[in-house]
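Try each task before you read its solution.

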Amino acid sequence: DGVLVCGKEKSNNLDVKVTESELETEGKGTEEESTRESDSNILDVSPDYPREKHISIQRHLADLEKLADLKEDEKKPCPLCPEEKFKACYSHKLHRHLQNLHWKVSVEFEGYRMCICHLPCRPVKPNLIGDQTLSKMGAHYHCIICSATITRRTDMIGHINRHVNKGETESRFITVPAPKSSREVLKESATDVQVLPNYSTPQKTDSYFNPKMKLNRQLIFCALAVLAEERKPIECLDAFGATGIMGLQWAKHLRSSVKVTINDCNENSVTMIQENCHLNKMKVKLHTKEEDNDEPMGDGEENTDTIEVTKMDANVIMHLRSFDFIHLDPFGTSVNYLDSAFRNVRNLGIVSLTSTDISSLYAKAQHVALRHYGCNIVRTEYYKELAARIVVAAVTRAAARCNKGIEVLLAVALEHFVLVVVRVLRGPSPADDSAKKIRYLIHCQWCEERIFQKEGNMVEENPYQQLPCDCHGSMPGKTAVVLGPLWSGALFNTGFLRRMLFEAVQYGLDEVQPLLKTLVCEADCTTLKHFSIHSPYDENKQEECGVYIKTPNTSAESYLVHGKRKSDEVIRNAAKRQKSENSAEHPAFYYNIHRHSIKGMNMPKLNKFLNYLSEAGYRVSRTHFDPMGVRTNAPLAQFKTILMKYSTPTYLGGQAEGPVHLPEDVQAGEQVQAAAQSKAEDAEFLEDNKSGVAAAMFTKDYPTHCAAD
């Protein structure tokens, strides 16, 4: 990469030349000794031994000219070039040389300039004869922080930036003052965290912190708060801590309801997590592979809660211990950690995962999606919901391998991430029920119609018959593709989302409340106009969200039969049947109103269009996946019919107030009937008129209804 560390070996000629140049530039004996010592040790640098800076590192151009000791009537050599490269010259020429060839191409860092150096302090490769002195001496820069010499200016800039990103800004030179701490303190949800420079770039820092993921952290916090109300205390794990911001928010707000464990395999991240715990006045219990000790940090007067910090691989800690709540947020895909997450998670626990590999999930890198998730996908109008169903399908398969089923509580796909929150149901029966909901999707590439394949293993002669559209018969070639396997069940749980909204209001999380309201309406498939928040912890909502808690059931009296076991079984079967019916009625995907608009027509406003669909008897709601998306159980043909019915022409003409003609693919039968009726009226008109030629010309040039008038 162009970076070499200078060794100790130097030829005698090189020592003499550098020493002579330094004797000429320095005027006093003490300065000569320091320069010799600096030059003799320039290639021998230890991390703990401070030394003087190289002569090529100066603050101002005047300081560089002082080294040359410019005089008008004397020739002086360049202090940064050997004699065979640049001979001694007068002051005006040497000034231009220092300014143009050394100072202008320097690299600046904290007030210092690292000028390019041509001295033979960098080892060079011997020529073909083996004579090193005749080989070309390469120009290079001396790093002000470490002992590296780098040839290219761009590489030197990147080398300095890597030092800054790692927090290594303290120079090893005596003359360079140590800068102040480069860490920055950020505050989010009443929690302070220290971050390194470039904290939002994961490739350039160990402790990654993305302020754009604040909405993601608040959603996860609300889900954990709901689980903390069901049972206390719960053990929760942040498998990829980084700065520890998420675990600190859990412990600071939920306090004794949770036992927080923050894990990270990076040593620098673990150190920063401990410092952030001290910053928020929390006690730390440190566990690593080698040692198991307790380190109380901070006085702990304001908060006596203890956060456990571990330095392990995420798969290792999830295999060793059991948790009630696990959150996975690695760089990119999380499929490599799903098996470990479901191995020891407790029954009725929650697993949440954030996938940031949106290039593959959003069908920009389809081969990567096939490699990671085993899914064939294409870019569609509902690509965000498709991404969420891909992740849920991978979660379902991983849970089924551990004889566990899942219940999807929440699936959110936004610009930067895909968040999935599921509840774990232990047992082979829930695992089988969840695995049966993984199906393939048939997608029409012409009209964007889609439908899940029917259950069963029998091969159908014509799979196109499952699609409601007739594009295969009217369009040439193959019009549909098979996508998946995907999750075909519901993506939301209304009762759980209502309780999350209640917790968001209780803890003052204003940013996440609009999104949760949209999710509740989307889960109920209703518009915001009919939205209402009931008590989140009543008996009916407890049953609806699928949480098996000991609560009184008011509907049990209607199912009373002889025998306690039999009555419980009837109630359980009725709840399962009602739950399956609700999930089956929920529309699977959504339509983009702009995608299906008609050219030359002005669409109605989105809220008005939702009312039109609702008045037609269909379930309808907006979706968080797409701001212009409409989630409805109406077929695409009826969707286009209603959209066309309430659209107005862009250019108002004579027929602006008349009936709107429907497109051919929507109402082909009505158009054929109207054409036949028009022909009959033309025939009657020709019989009534004596001048057939004039009538024919009249009917040819003008529309039928104008002729009738």
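**Exercise 1. Find the strand that pairs with β22 and say how the two run.**

Step 1: β22 is joined by 3 bridges to β23, residues 629–632, and the two strands run antiparallel. Strands here are DSSP E runs of at least two residues, helices are H or I runs of at least four, and both are numbered from the N terminus. Two strands pair if DSSP finds at least two bridges between them.

Step 2: Look at valine 620, which stands opposite threonine 632 in β23.

Before going on, a word on the model. It is predicted, so local features need pLDDT of at least 70 and side-chain atom pairs count only at pLDDT 80 or more, while totals for chains, interfaces and linings use all residues. Residues are numbered from 1 along each chain as its sequence is written, and side-chain values use heavy atoms, leaving out hydrogens and water.

**Exercise 2. Work out the strand order of the sheet and name its edge strands.**

Step 1: The open sheet has 3 strands in the order β20-β23-β22, with antiparallel pairing.

Step 2: β20 (590–592) and β22 (620–622) are the edge strands, each pairing on one side only.

Step 3: On average, neighbouring strands of this sheet are turned by 30° against each other, direction ignored. Axes are lines fitted to C-alpha atoms (for helices over the stretch in contact), and angles run from 0 to 180 degrees between N-to-C directions.

**Exercise 3. Which helix lies across β22 and β23?**

Helix α20, residues 606–615, does so, running at about 160° to β22. Contact means heavy atoms within 4.5 Å.

**Exercise 4. Describe the salt bridge between arginine 498 and aspartate 524.**

Step 1: Their side chains meet at 2.9 Å, N to O. A salt bridge needs a side-chain nitrogen of Lys or Arg within 4 Å of a carboxyl oxygen of Asp or Glu.

Step 2: Arginine 498 is in helix α16 (494–506) and aspartate 524 in helix α17 (513–524), so the pair ties together parts 26 residues apart in sequence.

Step 3: Arginine 498 is buried at 8% relative accessibility, whereas aspartate 524 is partly exposed at 25%. Buried means under 20% relative accessible area, exposed over 50%, and partly exposed in between (1.4 Å probe, protein chains only).

**Exercise 5. Which residues are linked with Asp324 in a network of salt bridges?**

Step 1: The network links Arg231, Glu235, Glu308, Arg321, Asp324 and Arg346.

Step 2: Within it, aspartate 324 and arginine 346 have their closest N and O atoms 3.0 Å apart.
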